[in-house]
Amino acid sequence: MSWEEPGSPQLSLSGFSSLASISSTAAPPARLPSLSLSIGTGGEDQQLGVSSDDGHKSVRAMKNRESALRSRARKRAYTQELEKEVRRLVEDNLKLKRQCKQLQSEIAALTAQQASNKQSSPHRRTSSTQF
């Protein structure tokens, strides 16, 4: 951020570093505003011309937004995992239903075969030999 008047103070910030510097091409003004803003995670107050309360509120709001983004990402990942598990369980259920139906068919066939064997061959009792 810079002011248009020649010889006026220049404010420079580099990225999100916690350092702010005020440089001047002429003599510094007699008095600069003494308001502070916390930048970054260092918690050091910097002379930026913004009130401390507003600065802390904006930092808190920014952290809150970041936390909300992380929370939504976790929820999205959890929901996707649950949906994946539901699909797997539905597939397993269908597989088990097919297997159950197949086994019921086999039981019916074996029961019919057993009934047919009983009708075609009379029961023979084995007599024990007496001495």
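**View 1. One salt bridge in the whole structure.** Searching the entire structure turns up one salt bridge. Its partners are Asp 92 and Arg 88, whose closest N and O atoms are 3.0 Å apart. Both residues belong to helix α1, and they sit four residues apart, about one turn of the helix. Asp 92 is partly exposed, because its relative accessibility of 32% falls between the limits of 20% and 50%. Arg 88, at 42% relative accessibility, also counts as partly exposed.

**View 2. A nonpolar patch on the surface.** Here we turn to Val 86, Val 90 and Leu 94, which together make a nonpolar patch on the surface. Leu 94 is part of helix α1, which covers residues 52-120. What is the relative accessible area of Leu 94? The value for Leu 94 is 44%, so this residue is classed as partly exposed.

**View 3. Surface and burial across the protein chain.** The protein chain has 131 residues, and 8% of them count as buried. Its accessible surface amounts to about 11,900 Å². Carbon and sulfur atoms contribute 55% of that surface.

**View 4. Confidence along the model.** How confident is the predictor, and in which elements? For the protein chain, the mean pLDDT is 74, with 53% of the residues reaching 70 or more. Among the elements, α1 has the highest mean pLDDT, 95, while strand β2 (residues 20-23) has the lowest, 42. Over residues 1-5 the pLDDT stays below 50, and this stretch has five contacts in the model beyond near neighbours in sequence. Residues 8-26 also have pLDDT below 50. In the model, that stretch has 35 contacts beyond near neighbours in sequence. A friendly caution applies here: where pLDDT is low, the predicted coordinates should not be read in detail.

Conventions: Residues numbered from 1 in each chain as written. Predicted model: local features only at pLDDT ≥ 70, side-chain atom pairs only at ≥ 80, totals over all residues. Heavy atoms only, no water. Patch = residues over 30% accessible without salt bridge, like charges linked within 9 Å, V, L, I, M, F, W, Y side chains within 5 Å. Areas by Shrake-Rupley, 256 points an atom, 1.4 Å probe, with all protein chains shown as cover. Salt bridge = Lys/Arg side-chain N within 4 Å of Asp/Glu carboxyl O. Helix = DSSP H or I, 4+ residues; strand = E, 2+ residues; numbered from the N terminus. Buried < 20%, exposed > 50% of the residue type's maximum accessible area, 1.4 Å probe, protein only. pLDDT = per-residue confidence, 0-100. Contact = heavy atoms within 4.5 Å.
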